[in-house]
Amino acid sequence: MKYSYYFSLFVCLLIGSHLLAQKPSAKKTVIRNVNVISIDAAKPQVMQQQDVIIEHGIIKKIKATSGNTYKGYEIVDGSGKYLIPGLADMHVHLPNKNSVFQNREFQLLNLLSGITTMRQMRGKHADLELRDSIRNGTILGCNMYVSTPFYRNGKTFSATECRDSLVKYKQQGCDFVKYLYGLSYTQYDTLVSVATSLHLKVVGHAPKNDLQKAVAANQLTIEHIDPFTALYKKDSNLFWNVIDTMVRKHLYTLPNLEWYIASGPQTSMEVKRSYYEKNAYGMSFLPKDSLDALIQAYTTEDLAFYKKNPVAFAKYIIEDSMQVVTYKHLLGRMHKRGVQFLISATSGDFIIPGYNCIDEMNLFAEAGIAPYDTLKCATCNAEARMEESSKWGTITESKRA
């Protein structure tokens, strides 16, 4: 599946989003004569030549294009284009002071790529303020869900501190609990138990890279490829048993596979530079001096590692490469087994905001997952995990536009 396939689907959505964002006073809009991929199970996969009528940010009506005129509406011509729900990036790290892209650029690049919802996985109080400013319309950006500050320091963890902090974070308005790593199994169980008692969901890394433990604890989403490849390598039969349990419990995962490829040692610096020169994956948005600085830093670090221990360096590259190959082998098979996926490539060096989700979707296509199913991972699966299926995620009357 080519990158251009997914990008072409976004075009009409982006035109509409641009006009709505630039003219907030325009309360009534029609996207006219557009092919709608609603991702609504009750509708055909593609509804051709439709008028999508939007009033005050809500989808009012979807009907076949006719000769009707829409007095008082702003008209967006969707002829020959496709309209999809806004995409959701479900594992974002918002920029810090050392990031190449700062918040304004980060938000705009995501919107440019069709991302309209994101889940911030390293929350802090300022992110809650940003989320609220976006929702009330004072800042242009993606609708955000914000985690608690992450939990990982087992040395200072206690049940009392855990409850006190989670009560505080819930009062502040955090949407979920982020677990990183570093807790013992007992401490992890306490975190999950306290969060559950406060009606908060735990997401993030599997404890001690243990997929079986995360599934047994009903962790809502399990991030990254590591716990999956580790268990598969250890015991493939047990792995599929755990996967079946995960499916029965309706637990979700997002691999962030593109991050492992873009930032991993198996992708050479020459390849990374060629991405920039070919304008692949949005790399041209990365300032040239920033690209040069990143490549120099990685090259210096790799050279130092190699000189210190050539055998360990070689082992590092081989193991990282094999992990990616193994997960690519598992991805399509897990999908057929019924695993529910979310989409994100996370954030990091050589990862371009927004475009990373397109990269990740193309990797899903390479694994044999149908484009329509991939779009579900990036839209209605995300709304289901946020338990907001009545509000967004499909192009359906009465939902947010």
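Helix axes here are lines fitted to C-alpha atoms over the stretch in contact, and angles run from 0 to 180 degrees between N-to-C directions. The model is a predicted one.

Begin with helix α13 (residues 355-366) and helix α14 (residues 371-378). They pack at an angle of about 140°, and their axes lie 9 Å apart. Angles over 145 degrees would count as roughly antiparallel. The pair α13 and α14 is therefore oblique. Their crossing is right-handed. On the α13 side, M361, F364 and A365 make the contact; α14 supplies T374, L375, C377 and A378. By class, that contact has six nonpolar residues, one polar and no charged ones.

Now move to helix α7 (residues 226-234) and helix α8 (residues 236-248). Their packing angle is about 135°, with the axes 6 Å apart. That makes α7 oblique to α8. From α7, the contact takes in F228, L231, Y232 and K234. From α8 come S236, L238, F239, W240, V242, I243 and M246. Sorted by class, nine of these residues are nonpolar, one is polar and one is charged.

The sheet comes next. Strands of a sheet pair through backbone hydrogen bonds, either parallel or antiparallel. Which sense applies in this open sheet? The five strands run in the order β9-β10-β11-β12-β13, and the pairing is parallel. At the edges sit β9 (177-179) and β13 (340-341), each pairing on one side only. Strand β12 (residues 252-254) pairs with β13 over two bridges, in the parallel sense. Y252 stands opposite Q340 in β13.

Conventions: Residues are numbered from 1 along each chain as its sequence is written. This is a predicted model: local features need pLDDT of at least 70, side-chain atom pairs count only at pLDDT 80 or more; totals for chains, interfaces and linings use all residues. Side-chain values use heavy atoms; hydrogens and water are left out. Helices (H or I, at least four residues) and strands (E, at least two) are DSSP runs, numbered from the N terminus. Angles under 35 degrees count as roughly parallel, over 145 as roughly antiparallel, 65 to 115 as roughly perpendicular and the rest as oblique. Contact means heavy atoms within 4.5 Å. Ala, Val, Leu, Ile, Met, Phe, Trp, Tyr, Cys and Pro count as nonpolar, Asp, Glu, Lys and Arg as charged, and the others, Gly among them, as polar. A crossing is left-handed if the near helix is turned anticlockwise from the far one by less than a right angle, and right-handed if clockwise. Two strands pair if DSSP finds at least two bridges between them.
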